Amino acid sequence: RPSLYFFPFLMSCATVCPQDDEKDIAGGNTSKFHKMVTMSQKLYSSEAFKGKDDRSKRRKLVARLRGLYQDTNISETFAEAVVKAGWLDFQQWLRETNSIKLDSDDDQKKLTEILDSKKEVNWSFVDGPDLHETTLNSLVALTSSLMKTFYDASPNLGPWNSAKMVEELSHEKSHCLILRSDKDDEFIGYVCFRIEANIISVQEEYLEFYVYELMIKDSYQRKGYGELLMNACEHIATCKLCDYIELTVFTSNTAAMKFYRKGMHYEFDKGELDEYKHDYRILTKIL
C-alpha cells in the first residue's frame, strides 16, 4: 500500500473511512484461515495420519482453526467455512474428532444418535487439559453467572472461586461435552465429568462417573439441552462399565433438584451425612 507521506490526498480517505483498515485486517485473517484449512486438510489426508486415534491433537487443531475463524468476517458457520475453504469431508472428520472414544462401533453410533437428536446443535468433547483459554473462560463465566449466588451462600462449599473452577474444569481427568448453536456458533452449555475408581476398602471398589458441572445458558434452559447432556453421560457411563453416576446439588437450587429427581430419576445417596443436607444433597443413579 502506498505511503501516506507521498500521497497526501489519501489522508482524507483514511480519516473518513477508518473501516478500510478493519476490512484489510479481516481480509488478511481470512487468508490465514484458508491457508490453515488447506494445510490441515492435506496433513490429515496423508497416509501418516490415516487410521490413527489422535483425537487430542485433532481437537487442538480444531481450536486453532476456530480461533482463526473468529478473527475473520466470514458469514458462514465455522464448519461451513472450513468446507467452503476446500476441506470437503470436514463435517465427518469433525464428528469423529469431537466424540469420546467408546469400545464398540455400536456404542459409538448410539452416542452420536443421542447427541444428534437435536439437529440445531454442534457438540464436541474436549479433555480438560486441552480446553482453549477462550473456551475455558466461557465455561467459567457461564458457571459463575448461574451458580455464584449459591456458592456464596454455602457454608461448606462457598464462597465462589473462579480459580478453583478453572482447576476443576482443566483437570487432567476432566472431560467436557460442549454444546453450541449450529446457526451462529453461540455457546449453549456444557457438562463436565470424570470417571474414577472409588476405593472403599481392599475388598470394596467401584467405578464412579461423577458429574461435576452441568450448565445451560439462561436463554436455552427448559428446552431439553440438560436432558440431552445427561442422556449422553448415562450412555457413556454404561459403556465404560461404571457402577453408578453421582452428582451434587445445592439444597436451595430447587429447579436443579426437580430436574434430577423427577426428570432424570436420581435418588438421594444413602451415604449422605445429615449435617450437610441443609446445604447440599448428593444424588445417585445405580447403573
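**Aromatic rings**

Guide: Keep in mind that this is a predicted model. Ring pairs join F33, Y44, Y69, F78, W87, F90 and W93 into a cluster.

Visitor: And how many aromatic pairs does the structure hold?

Guide: There are 18 aromatic pairs. One of them is Y206 with Y244.

Visitor: What kind of pair is that, Y206 and Y244?

Guide: Edge-to-face, because the planes sit at 65°, over the cut-off of 60. The ring centres are 6.3 Å apart.

Visitor: Where in the chain do Y206 and Y244 sit?

Guide: Y206 is in strand β4 (residues 205–216) and Y244 is in strand β5 (residues 244–250). They are 38 residues apart, and the pair links distant parts of the chain.

Visitor: Is Y244 buried or exposed?

Guide: Y244 is buried, because its relative accessibility of 8% falls under the 20% cut-off.

Visitor: OK, next pair. What's the geometry of F259 and Y260?

Guide: That pair is edge-to-face too, with 4.9 Å from centre to centre and 70° between the planes. F259 counts as partly exposed at 25% relative accessibility, while Y260 is buried at 8%.

Visitor: Switching topic to charges over rings. Which ring face does R194 lie over?

Guide: R194 lies over the face of Y212, at 4.3 Å from the ring centre.

Visitor: And what about R281, which ring is that over?

Guide: R281 lies over the face of F268, at 3.7 Å from the ring centre.

Definitions and conventions. Residues numbered from 1 in each chain as written. Predicted model: local features only at pLDDT ≥ 70, side-chain atom pairs only at ≥ 80, totals over all residues. Heavy atoms only, no water. Phe/Tyr/Trp six-rings, centres within 6.5 Å; stacked < 30°, edge-to-face > 60°. Helix = DSSP H or I, 4+ residues; strand = E, 2+ residues; numbered from the N terminus. Buried < 20%, exposed > 50% of the residue type's maximum accessible area, 1.4 Å probe, protein only. Lys NZ or Arg CZ within 6 Å of the ring centre and 35° of its normal.
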